[in-house]
Amino acid sequence: MKKILFTDLDGTLLDFFTYSYEESSEVVDMLLWENVPIVFCSAKTRAEQEEYRRLLGICDPFIVENGGAIFIPRGYFSFPITPSKTIGNYLILELGTSYTKVREMLKRVEKNVGCSIRGFGDMTAREIAEDSGLDLKFARLAKQREHDETFKIEGGEEKIGEVLREIEREGFSWTHGGRYYNAMGMGSDKGRATRILAELFRRKLGKVEIIGIGDSISDMPMLAEVDVPLLVQKPGGSWEEMNLQNL
């Protein structure tokens, strides 16, 4: 049976603190040698993921910004696909709201709740690098957002709760990936994108076994859609709490 791997990046394929793929590279090489598709499914932008795909030699489809869109290289599937749009060599299935609309919503929430919300759109690349630990190159790539916004809420737990509830009242959704919150259009999540892409793989390959790997609550929608969900231990030895029967 053909195996397919869907993987988160930060804290999973990449080291949580350094963002290095060094400790994963041997396994990635083995999977590439065995012709196992490796699908990135991450909060990271298209620009960030393209760079990691280039560095690791991966040419499979990928899911960006918490399920905001699926990028499929032209000709990857032999049957016709109707994309939302095309860019360069990609057929793109857009599932999320535009970045501009997400940003406008967060500004309304900030005003209504009366607290400070700092998104990547409010920060310089250098500020993102200093806050996140990314190097300056990847901080610039992280700012090239198209479907969701990565942000911090400056305030206590009560304010955080108010902001998240207000985001939902606005008709948007949110998730928390460990360092930051992410806001996106309702119905846009890793699970929906995984389900759509998994069905395309089944059309191409027949019976497949889909493996998913993640480390945080933002990965739960993806892990709920795969045949073999795997959870990575967090730094310090803790585990994300997830109520998945076969985890």
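Two strands are taken to pair if DSSP finds at least two bridges between them, and helices (H or I, at least four residues) and strands (E, at least two) are DSSP runs numbered from the N terminus. The structure described here is a predicted model, in which local features need pLDDT of at least 70 and side-chain atom pairs count only at pLDDT 80 or more, whereas totals for chains, interfaces and linings use all residues. Residues are numbered from 1 along each chain as its sequence is written, and side-chain values use heavy atoms, with hydrogens and water left out.

In this model, four strands form an open sheet in the order 7-8-10-9, and their pairing is antiparallel. Strand 8 (residues 149-154) and strand 10 (residues 181-185) run antiparallel and are joined by three bridges, and Phe 151 has Tyr 181 of strand 10 as its bridge partner.

Helix 6 (residues 157-169) lies across strand 7, strand 8, strand 9 and strand 10, and runs at about 140° to strand 9. Its 13 residues, at 1.5 Å a residue, should span 18 Å, which agrees with the 18 Å between its end C-alpha atoms; the expected span is 1.5 Å times one less than the number of residues. Within helix 6, Ile 160, Gly 161, Val 163, Leu 164, Glu 166 and Ile 167 are buried, where buried means under 20% relative accessible area, exposed over 50%, and partly exposed in between (1.4 Å probe, protein chains only). These buried residues pack against helix 3 (99-113) as well as strand 7, strand 8, strand 9 and strand 10, with contact meaning heavy atoms within 4.5 Å. Just after helix 6, Gly 171 takes a positive phi of about 90°. Gly 156, in the loop between strand 8 and helix 6, counts as partly exposed at 43% relative accessibility.

A nonpolar core is a set of buried Ala, Val, Leu, Ile, Met, Phe, Trp, Tyr and Cys residues joined through side-chain atoms within 4.5 Å. The largest such core has 33 residues, of which Leu 13, Ile 38, Phe 40, Phe 71 and Leu 134 touch the most other members. Helix 5 (residues 136-142) supplies the largest share of this core, namely four residues. A second, separate core of 27 residues includes Ile 70, Phe 201, Ile 210 and Met 242. When neighbours within four places in sequence are left aside, the residues in contact with Phe 40 include Leu 9, Leu 13, Tyr 52, Leu 56 and Phe 62.

Thr 45 is located in the loop between strand 2 (38-40) and helix 2 (46-56), and is buried, with a relative accessible area of 0%. A polar atom of the Thr 45 side chain lies 2.9 Å from the backbone oxygen of Leu 141. Residues up to four places away in sequence not being counted, Thr 45 touches Val 64, Glu 65, Leu 141, Ala 142, Gln 144 and Arg 145. Glu 51, which is found in helix 2, is buried with a relative accessible area of 12%, and with the residues up to four places away in sequence again not counted, Glu 51 touches Lys 137, Phe 138 and Leu 141.

Key. Axes are lines fitted to C-alpha atoms, for helices over the stretch in contact, and angles run from 0 to 180 degrees between N-to-C directions. A polar contact is a pair of N or O atoms within 3.5 Å; within protein, one must be able to donate a hydrogen and the other to accept it, and residues adjacent in sequence count only if both atoms are side-chain atoms.
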